[in-house]
Amino acid sequence: MEPVFTEFEEILGITFQNKDLLYEALSHSSYANEKRKMRRSNERLEFLGDSVLSIVVSQYLFENYPDLPEGELTKIRAALVCEKSLHRFAQQISLGDFLMLGKGEANTGGRQRPSILADAFEAVIAAIYLDAGLEAARTHILRFIPKNLPENRSVLFGDYKTALQEVIQRNPEEKVEYILINETGPDHSKTFTVEVCLNSNVIGRGTGKSKKDAEQMAAKEALELMGYET
């Protein structure tokens, strides 16, 4: 008996005519492999969803930002459809709660894994597109796209290090450096603390489960202390 996804449909605001499409979109390869020939994974839908996402976002940016050059449009589109952004969008609709994973993947945190959530988000887009058409897919996608892009777009996409660098590089003599000051916890679950320094002066501190995350949080604090909204 196939699972019922009424709650997820309510979150999406969409009722699927072909429930099999939604079932396939939520079937990770680890789950499909356990079911063998009984179930197909969401990988083919992910392939299609990637293209639908790209054309919808491209058209939206083209129509709403007529003064931006091609290079800038490309950068913004890349930021909007990257794994980090799709992971965040997937979290907004609790996608991980509805994914069907193999036992091993489920037991090792697969429901929170960014790559799995990002891929499934694209697969859901394809399922909507095949079930209800491009306009339904467009409506779904655009609910996640910011209506106004701020001047500092690196902040918008959570890349605080780049945003801080863009602020600092206005003064070429300034130098930013990230220093690891603490590392705690067992190997499989470490926590890192990093300070960001401007000309040897500490301007922010951050913690995270990886050095990169800690650096981003340190840069975020620095931006906030400098009066920039994050």
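Helices α6 and α8 pack with their axes 8 Å apart, at an angle of about 75 degrees. The two helices are therefore roughly perpendicular to each other, a label that covers angles of 65 to 115 degrees, with under 35 degrees counting as roughly parallel, over 145 as roughly antiparallel and the rest as oblique. Axes are lines fitted to C-alpha atoms, for helices over the stretch in contact, and angles run from 0 to 180 degrees between N-to-C directions. The model is predicted: local features need pLDDT of at least 70, side-chain atom pairs count only at pLDDT 80 or more, and totals for chains, interfaces and linings use all residues. Residues are numbered from 1 along each chain as its sequence is written, and side-chain values use heavy atoms, with hydrogens and water left out.

**Overall**

- The chain has 12 helices and 3 strands; helices (H or I, at least four residues) and strands (E, at least two) are DSSP runs, numbered from the N terminus.
- The C-alpha trace spans about 65 × 50 × 25 Å along its principal axes.
- Of the 230 residues in the chain, 43% are buried, where buried means under 20% relative accessible area, exposed over 50% and partly exposed in between (1.4 Å probe, protein chains only).
- Among contacts (heavy atoms within 4.5 Å) with a separation of 6 or more, 50% are between residues 24 or more positions apart.

**Helix α8 and its surroundings**

- Helix α8 covers residues 114–132, 19 residues in total, and reaches 27 Å from its first C-alpha to its last, close to the 27 Å expected at 1.5 Å a residue; the expected span is 1.5 Å times one less than the number of residues.
- Gly133 follows α8 and has a positive phi, near 100 degrees.
- On the α6 side, Glu83, Leu86, His87, Phe89, Ala90 and Gln91 meet Pro114, Ser115, Leu117, Ala118, Phe121 and Glu122 of α8.
- Ile125 lies in α8 and counts as buried because its relative accessibility is 0%.
- Not counting residues up to four places away in sequence, Ile125 touches Gly49, Val52, Leu53, Ala137, His140 and Ile141.
- Ile125 and Cys82 are 43 residues apart in sequence, and their C-alpha atoms are 15 Å apart in space.

**Nonpolar cores**

- A nonpolar core is a set of buried Ala, Val, Leu, Ile, Met, Phe, Trp, Tyr and Cys residues joined through side-chain atoms within 4.5 Å.
- The largest core has 46 residues, of which Phe8, Leu26, Leu61, Leu95, Phe121, Val124 and Ile141 touch the most other members.
- At least two residues of this core come from each of α1 (6–12), α2 (19–25), α4 (43–64), α5 (70–81), α6 (83–92), α8 and α9 (134–142).
- Helix α8 gives the largest share of this core, 11 residues.
- Ile141 is in contact with Val52, Leu53, Val56, Val57 and Ile125, leaving aside its neighbours within four places in sequence.
- A second, separate core has 16 residues, including Ile168, Val194, Ala219 and Ala222.

**Sheet and the helices on it**

- The 3 strands form an open sheet in the order β1-β2-β3, with antiparallel pairing; two strands pair if DSSP finds at least two bridges between them.
- Strands β1 (176–184) and β3 are at the edges, each with a single partner strand, so one side of each has no neighbour in the sheet.
- From one strand to the next the twist averages 20 degrees.
- Strands β1 and β2 are joined by 8 bridges, and Leu180 stands opposite Val194 in β2.
- Strand β2 (residues 191–198) is joined to β3 (residues 201–208) by 7 bridges, and Cys197 has Val202 in β3 as its bridge partner.
- The hairpin of β2 and β3 has 2 residues between the strands, and Asn199 in the turn has a positive phi of about 55 degrees.
- Helix α11 (residues 160–168) lies across β1, β2 and β3 and runs at about 145 degrees to β1.
- Helix α12 (residues 211–225) packs on the sheet, touches β1, β2 and β3, and makes about 135 degrees with the direction of β3.

**Helix α12**

- The end C-alpha atoms of α12 are 21 Å apart, which agrees with the 21 Å that its 15 residues should span at 1.5 Å a residue.
- Buried residues in α12 include Ala214, Glu215, Gln216, Ala218, Ala219, Ala222 and Leu223.

**Loop residue Ser41**

- Ser41 is in the loop between α3 (29–35) and α4, and is buried, with a relative accessible area of 11%.
- Leaving aside neighbours within four places in sequence, Ser41 is in contact with Glu24, Ser27, His28, Ser29 and Ala32.
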